[in-house]
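Hello,

Here is the structure I promised to pass on to you. Have a look at it first, and then read my notes below.

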Amino acid sequence: MAVVAMQRISILALKQHRKGILEKLQRCGVVEITASNCEDSVFSRMDTNESQRLFEKNVDIAGRALDILDRYAPEKKPLLSMFSGRSPLTAKQYYQFAQRAEECTRAANRVVALQKNVDENQAEIARLDSQLEALRPWMKLDISMRFSGTRATAAFVGQLPGQQTEEMILQAVAQQEPELNKLGVEIVSASPEQTCVVILCPLCDKARVDEILRAMGFAKPSAPSRETPKQRAQELQRKRDAAQQEIDAAQEEISSNANRREDFRLTADYNAMRAERYQVLGELAQSKHTFLVTGYIPQKAASSLAQCLAEKYEAYVELQQPDEKEDTPVLLKNNAFAAPVEPVLESYSLPGKGEVDPCSVMAIFYYVLFGMMLSDAAYGLIMVLFCAFALHKYQNMESGMRKTLQMFLYGGISTIFWGVMFGSYFGDAITVVSQTFFQTEITIPPLWFTPSEEPMRLLVFSFLLGIVHLFTGLGMLFYQDVKQKKYKDAIYDVIFWYLLVGGGILYLLSVEMATSMLGLGFVLPAGVGTVAGLCAIVGAVGIVATAGRESRNPLKRLLKGLYGLYNVSGYLSDILSYSRLLALGLATGVIASVFNQMGGMVGGGVLGAVVFILVFVIGHTLNIGINLLGAYVHTNRLQYVEFFGKFYSGGGRKFAPFGAKTKYYKMQEDERYENK
């Protein structure tokens, strides 16, 4: 339960060591660099935007090249490759690749250019296919579609709507102009959609025929060529074949780069690291011969880094304790049991100024509550085996993913415990199987009780666990106040609430009606109830007197005190919120039992076994998936709302060190190959 102590670091060195120092800081990843504000006649900042954009462009090109390779030569990945994490990259490998980085970038550019050529040719083929399709009805025409007639005749080449014959066309023209009897019509092709036709008439009748044809819906071909349709189609087909050959050649060349996938990944990460360095470089204060780096570093890493920079680069390093008003970044450090819940805390908010890291205490309740909500020993065993296998097999797993799997591993252990306590193993699968297929009844009795048979007992236990959880949250507030020497606040905001809520609960337990409603088999002595009632009254009076202590006006102080006392209703709603432990725990077992009963409806025999296995696998897979998600969400909710609501504000800024924020490889520090 610790927030790592931070120190402010300032590094002053000669420019000739700038590259080496920045690379060292990037590989170490322990310094959060802040923008320097000491700009004057001596120090200034570099404009690195253009260089940074160039490297970012190279990152994008390498990424696009990898995406293109995945289209033509998909990479076969293991089923659980998502757990693999980034491959390690030593400093030696990094500097060896740096010598051929430009060549790899050119190769990536070439792949992108080839794909662009493929896309352009595919668009050209689509255009040519459209033109060929438009020519298909005209293939029997042995003259150019641009033909307009001779010295004595006029020709109309085009299409009419619908399917028509020569007689129909002549009859339609005659109805408009009976005198036009010197008209020649040739049908090239006809379909229900259109009729392609060539119409000849004397040159003197051209205007009247044109007017009549327009009225009939006549339209000329779009973009007619000088050649005959057959010749034009042959030309278009030659262009199409040439475009397809270019596509085939480009795709073949792209596929030949499949063995360079690792080079392109290195190219992306190499340029990403350089882009980040140039971004930092633009934030540094620099003079003609020196440069200054300022930022924050964890105290435990400060002395060793300062010594290394001084010895290797003759840098002057100054370490200082941050002021209380500084926006110091937050870095958490917990043991193996508590560290897995750090991502849960970060998704809410990191500790603010003066707050403690609640992970150690939070982890205990998190695993217990998670296990109660899932509460099936078989489901828990599946979780434990899967998480243990993944954690053991994938050693390079990313830190966030590793912590998440560890969290589910501990949650699975808790689930096994509560499943044994409640006697749930795939629900009542053992009983159903023994009755259906072996005509006998085999059961594994619970070590404690069966929730579906005694739901009130589980509800009372859920409330008890909730009270312990809430009181622990108040204890965390007491610890924070004492640590900050706010002793009065500790009494006013914690002790009085302990007296009020704790005394009220004990008083209720001394009332027979309340204990009978809860199904409890005991009643506290009347003397205990009297003392508890007095404690509750003292707590209530104390809250009314102190909740509005920041106000000087007596009336406002009283009103705020009464409002503070009204918040006791919030404790009631918080305690009732823990009834979700009962709801989700019962849901897991009941749904599992329903699927077991459905699987056994066919009865015994081979057919019954097949049906049971299918229903069992599908049903329990759905059940563990849905209830695992439900347990995760509602456990988080109990932490965020009920537990954190008693003591935790958050608002801290996460420590963001200057490091190798790469996608494919993880840098490993190697002093022997450090760039001088």
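**The cavity and a helix crossing**

Searching the whole structure turns up 1 cavity of 30 Å³ or more. Please keep in mind that this is a predicted model.

Which residues line the largest cavity? They are Leu89, Tyr94, Phe97, Leu266, Asp269, Tyr270 and Met273. Helix H3 (91-98) and helix H8 (261-281) each contribute at least two residues to this lining, and H8 gives the largest share, with 4 residues. Sorted by class, the lining of the largest cavity holds 6 nonpolar residues, no polar ones and 1 charged.

The other thing to show you is a pair of helices. Two packed helices are described by the angle between their axes and the distance between the axes. For helix H2 (residues 49-72) and helix H7 (residues 229-255), the axes come within 9 Å and cross at roughly 105°. Angles of 65 to 115 degrees count as roughly perpendicular, and H2 and H7 are therefore roughly perpendicular to each other.

Where do the two helices touch? On the H2 side the residues are Ile68, Leu69 and Tyr72, and they meet Gln251, Ile254 and Ser255 of H7. The residues in this contact of H2 with H7 comprise 4 nonpolar and 2 polar, with no charged residue.

Best wishes

Notes:
Residues are numbered from 1 along each chain as its sequence is written. This is a predicted model: local features need pLDDT of at least 70, side-chain atom pairs count only at pLDDT 80 or more; totals for chains, interfaces and linings use all residues. Side-chain values use heavy atoms; hydrogens and water are left out. Axes are lines fitted to C-alpha atoms, for helices over the stretch in contact, and angles run from 0 to 180 degrees between N-to-C directions. Angles under 35 degrees count as roughly parallel, over 145 as roughly antiparallel, 65 to 115 as roughly perpendicular and the rest as oblique. Contact means heavy atoms within 4.5 Å. Ala, Val, Leu, Ile, Met, Phe, Trp, Tyr, Cys and Pro count as nonpolar, Asp, Glu, Lys and Arg as charged, and the others, Gly among them, as polar. On a 1 Å grid over the protein atoms alone, a cavity is a set of points where a 1.4 Å probe fits but cannot get out, and a pocket is an open set with protein on both sides within 12 Å along at least five of seven lines; lining residues have an atom within 4 Å of a point. Grid points are joined across faces, edges and corners, and a volume is the space filled by probe spheres set on the points.
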